[in-house]
Amino acid sequence: MTIPHSVNDFSKQIHTMPKVSPSVSGINQICYDNASPALLNLLLLPAVKQLGEQAKWMLWLTPENKLDRSWLEHSGISLNKSVQIPLLTDDQKIDSMIRAIKSENYSVITVWLNSTLTVEQQNSLNFLAKESDTVVFILHKNPPLTPSARQITQQKIPTFAFL
């Protein structure tokens, strides 16, 4: 699923955000950077919130810190159906994703990856997700365009999302 966006006008996007349903199951890859963290709020959170209304669980596979509970609650995402597993390697995250999809207990899985999936991995995960009616969001951080004096680690998630 590709959602066109403009980093210049977020207000219009809130009103034009398409509805997400299990029939849109599969792999959805989102690239982001710390310069536009609001993009995650506008693209990811409404979809996760809507999918979280199902009876199934939500899985968050995050790089380092715990997600900020107040950020999730403020976004309308139920903490009672959220499971977070931080500090896994990319291989462990992919393995956890596969097991979670096969369990058919999750409506949505959100995972931050540093590496890029191979075509085979993408096809396999997409097939499994469609079979189990699971929506998977894979987030990749865009590399910096220009080198800076302060290097940002690839695993860092925007601070608005954490305690």
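**Exercise 1.** Find which residue of β5 stands opposite Ile27, and work out how the two strands pair.

*Solution.* A word on the model before going on: it is predicted, so local features need pLDDT of at least 70 and side-chain atom pairs count only at pLDDT 80 or more, while totals for chains, interfaces and linings use all residues. Numbering runs from 1 along each chain as its sequence is written, and side-chain values use heavy atoms, with hydrogens and water left out.

Next, look at the strands, which are DSSP runs of E with at least two residues, numbered from the N terminus (helices are runs of H or I with at least four). β1 and β5 (residues 135-141) pair in the parallel sense over seven bridges; pairing requires at least two DSSP bridges between two strands.

**Exercise 2.** Is Ser25 buried or exposed, and which residues does Ser25 contact?

*Solution.* Second, check its cover: Ser25 counts as buried because its relative accessibility is 6%. Here buried means under 20% relative accessible area, exposed over 50%, and partly exposed in between (1.4 Å probe, protein chains only).

Third, list the contacts (heavy atoms within 4.5 Å). Neighbours within four places in sequence aside, Ser25 touches Ala129, Lys130, Asp133, Thr134 and Val135.

**Exercise 3.** How many residues of β1 are buried, and what percentage of the protein chain is buried?

*Solution.* Begin with the strand: five of the seven residues in β1 are buried. Then turn to the protein chain, where buried residues make up 42% of the 163.
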